[in-house]
Amino acid sequence: MNLLEVNHICKTYGSGETAVKALEHVSFSVPKGEYTAVVGESGSGKSTLLNIIGALDTPSSGKVVIDGKDVFSMDDRKLTIFRRRNIGFIFQAFNLIPELTVEQNIIFPMLLDYRKPDRQYLEELLAVLNLNGRRNHLPSQLSGGQQQRVAIGRALITRPSLILADEPTGNLDSRNSSEVITLLKEASKKYEQTILMITHNRSIAQTADRVLQVSDGVLTDLGRCRE
């Protein structure tokens with residue numbers, strides 16, 4: 001069963017002679033529980049693709065279906081609720097709230113949705129992410145790797161069906177990058193998360209189940225990676 005279906009997505013910025021085609025008829029699907037990497041050079045269109053899948057941007061044409069729901073057929077209110085409950089975002093810049101502790105940053109998406117966090121699940125996440133001893137620390141008291149682990153916890157806390165990771169190791173050294181990728185793979189298996197990660201790093205992409213490539217707005221499926 002496919003958790004994500006992307007059908008003939010096109011995205012054009014501007015019009016006339018100044019029009020720029022960021023994406024051209026991009027189509028692919030991702031089965032539930034698969035960890036897929038999207039590679040491409042800067043300006044290739046991969047970030048635009050991720051933003052459209054996450055409904056942070058709208059396509060010029062085409063369709064995105066997540067867990068059987070046509071994303072862009074919803075009105076703004078329904079789309080906001082759907083995105084909050086079904087999509088987890090992990091950004092290169094962490095985007096933690098500086099005034100909140102580790103625990104508060106992780107549960108923040110639940111509070112936005114007026115829901116109480118599952119305390120048992122929270123404790124499990126803190127243990128998996130090795131953040132138990134840092135739960136009351138502020139982001140400024142954490143290393144880059146620890147901040148990214150908090151961001152992963154925040155993405156997982158709502159138990160979303162899809163995790164979108166935008167260059168999640170871009171601000172990390174090689175050791176922390178390896179730890180973050182390992183955590184993402186563990187999440188994919190342990191919590192049956194479907195993960196779509198964009199990266200310019202080919203070696204990191206090879207840790208995924210499958211690799212897609214975007215070049216000048218055109219997507220190519222490079223196939224499954226060897227174990």
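The axes of helix α3 (residues 102–112) and helix α4 (residues 119–128) come within 12 Å of each other and cross at roughly 125°. Here an axis is a line fitted to C-alpha atoms, for helices over the stretch in contact, and angles run from 0 to 180 degrees between N-to-C directions. Helices (H or I, at least four residues) and strands (E, at least two) are DSSP runs, numbered from the N terminus. This is a predicted model, in which local features need pLDDT of at least 70 and side-chain atom pairs count only at pLDDT 80 or more, while totals for chains, interfaces and linings use all residues. Residues are numbered from 1 along each chain as its sequence is written, and side-chain values use heavy atoms, with hydrogens and water left out.

The angle makes α3 and α4 oblique to each other. Angles under 35 degrees count as roughly parallel, over 145 as roughly antiparallel, 65 to 115 as roughly perpendicular and the rest as oblique. In the contact (heavy atoms within 4.5 Å), Val102, Glu103, Ile106 and Ile107 of α3 meet Arg119, Leu122 and Leu126 of α4. These residues divide into 5 nonpolar, no polar and 2 charged. For this count, Ala, Val, Leu, Ile, Met, Phe, Trp, Tyr, Cys and Pro are nonpolar, Asp, Glu, Lys and Arg are charged, and the others, Gly among them, are polar.

The axes of α5 and α6 come within 10 Å and cross at roughly 15°, so the two helices are roughly parallel. From α5, Gly145, Gln148, Arg149, Ile152 and Leu156 meet Asn176, Glu179, Val180, Leu183, Leu184 and Ala187 of α6. By class, that contact has 6 nonpolar, 3 polar and 2 charged residues.

Next comes the interior. A nonpolar core is a set of buried Ala, Val, Leu, Ile, Met, Phe, Trp, Tyr and Cys residues joined through side-chain atoms within 4.5 Å. Buried means under 20% relative accessible area, exposed over 50%, and partly exposed in between (1.4 Å probe, protein chains only). The largest nonpolar core has 38 residues, and those with the most contacts inside it are Ile106, Ile152, Leu156, Leu184 and Met197. Leaving aside neighbours within four places in sequence, leucine 184 touches Ile90, Ile152, Pro168, Ile195 and Met197.

Helix α1 (residues 46–53) is largely enclosed by the rest of the structure, because 6 of its 8 residues are buried. The buried ones are Lys46, Thr48, Leu49, Leu50, Ile52 and Ile53. After α1 comes alanine 55, whose phi is positive, near 60°.

Histidine 8 is in strand β1 (residues 2–13) and counts as exposed at 51% relative accessibility. Aspartate 67 lies in the loop between β4 (61–66) and β5 (69–70) and is partly exposed, with a relative accessible area of 35%.

Proline 98 sits in the loop between β6 (87–91) and α3. Proline 98 is exposed, with a relative accessible area of 52%. Beyond its neighbours within four places in sequence, proline 98 is in contact with Leu138 and Pro139. Its C-alpha atom is separated by 43 Å from that of glycine 16, which is 82 residues away along the chain.
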